[in-house]
Amino acid sequence: MYAIFENGSKQYRVSVGDVVKVEKLNAEVGATVTFPVVLCADEGNIKVGAEVAGAVVSGEVVSQGKDKKIIVFKYKAKKNERKKQGHRQPFTTVKITAIGAVEAKAPAKKTTRKKAAPKAEEAAEQAAE
């Protein structure tokens with residue numbers, strides 16, 4: 001069984017027991033985090049959209065860290081313009097502990113409202129009085 005969840009405008013395909021690097025989360029090491037499921041699949045059954053509306057992926061924060069440094073170098077030829085920058089993207093390592101089952105939702109009750117009398121009829125009644 002696997003699920004696809006979304007975090008930080010990225011989607012991740014995970015199974016129970018996987019360890020993934022996600023965008024930095026504001027959570028302590030050892031804390032439990034949940035992510036909303038986009039798609040859930042198991043042995044031929046694929047559920048998407050409204051079918052997985054209540055499902056969540058649960059995980060435990062293993063560590064916080066920064067990725068390998070990358071160098072961003074910009075220059076304009078023949079103009080003596082150069083700019084060198086470094087960047088280290090922060091991340092959170094999460095171990096997936098459970099993929100929540102899709103909860104069956106009861107259909108919402110439909111409420112019917114009484115239609116208000118049209119204004120033209122009300123005006124005609126007032127004029128007759």
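Predicted model: local features only at pLDDT ≥ 70, side-chain atom pairs only at ≥ 80, totals over all residues.

Visitor: Which residues touch the most other members of the largest nonpolar core?

Guide: Phe5 and Val94 do, in a core of 19 residues.

Visitor: And which strands supply at least two residues each?

Guide: Strands E1, E2, E3, E4, E6 and E9. E4 gives the most, with four residues.

Visitor: What is Val94 in contact with, leaving aside its neighbours within four places in sequence?

Guide: Quite a list: among them are Val19, Val20, Val22, Leu25, Val33, Phe35 and Val62. Asp18, Gly59 and Glu60 are in contact with Val94 too.

Visitor: OK, the outside now. Which residues form the nonpolar patch on the surface?

Guide: Ile71, Phe73 and Tyr75, with about 360 Å² of accessible area together. Tyr75 lies in strand E7, which covers residues 70-76.

Visitor: Why does Tyr75 count as exposed?

Guide: Because its relative accessibility is 54%, and the cut-off for exposed is over 50%.

Visitor: Switching to charges: how many salt bridges are there?

Guide: Two. In one, Glu23 pairs with Lys10, and the closest N and O atoms are 2.4 Å apart. That pair links strand E3 to strand E2, 13 residues apart.

Visitor: What about the one with Asp67?

Guide: Asp67 pairs with Lys21, the closest N and O atoms being 3.1 Å apart. Here the loop between E6 and E7 is linked to strand E3, across 46 residues.

Visitor: Is Lys21 exposed or partly exposed?

Guide: Partly exposed, at 45% relative accessibility. Asp67 is partly exposed as well, at 30%.

Definitions and conventions. Residues numbered from 1 in each chain as written. Heavy atoms only, no water. Core = buried A, V, L, I, M, F, W, Y, C linked by side-chain atoms within 4.5 Å. Buried < 20%, exposed > 50% of the residue type's maximum accessible area, 1.4 Å probe, protein only. Contact = heavy atoms within 4.5 Å. Patch = residues over 30% accessible without salt bridge, like charges linked within 9 Å, V, L, I, M, F, W, Y side chains within 5 Å. Areas by Shrake-Rupley, 256 points an atom, 1.4 Å probe, with all protein chains shown as cover. Salt bridge = Lys/Arg side-chain N within 4 Å of Asp/Glu carboxyl O.
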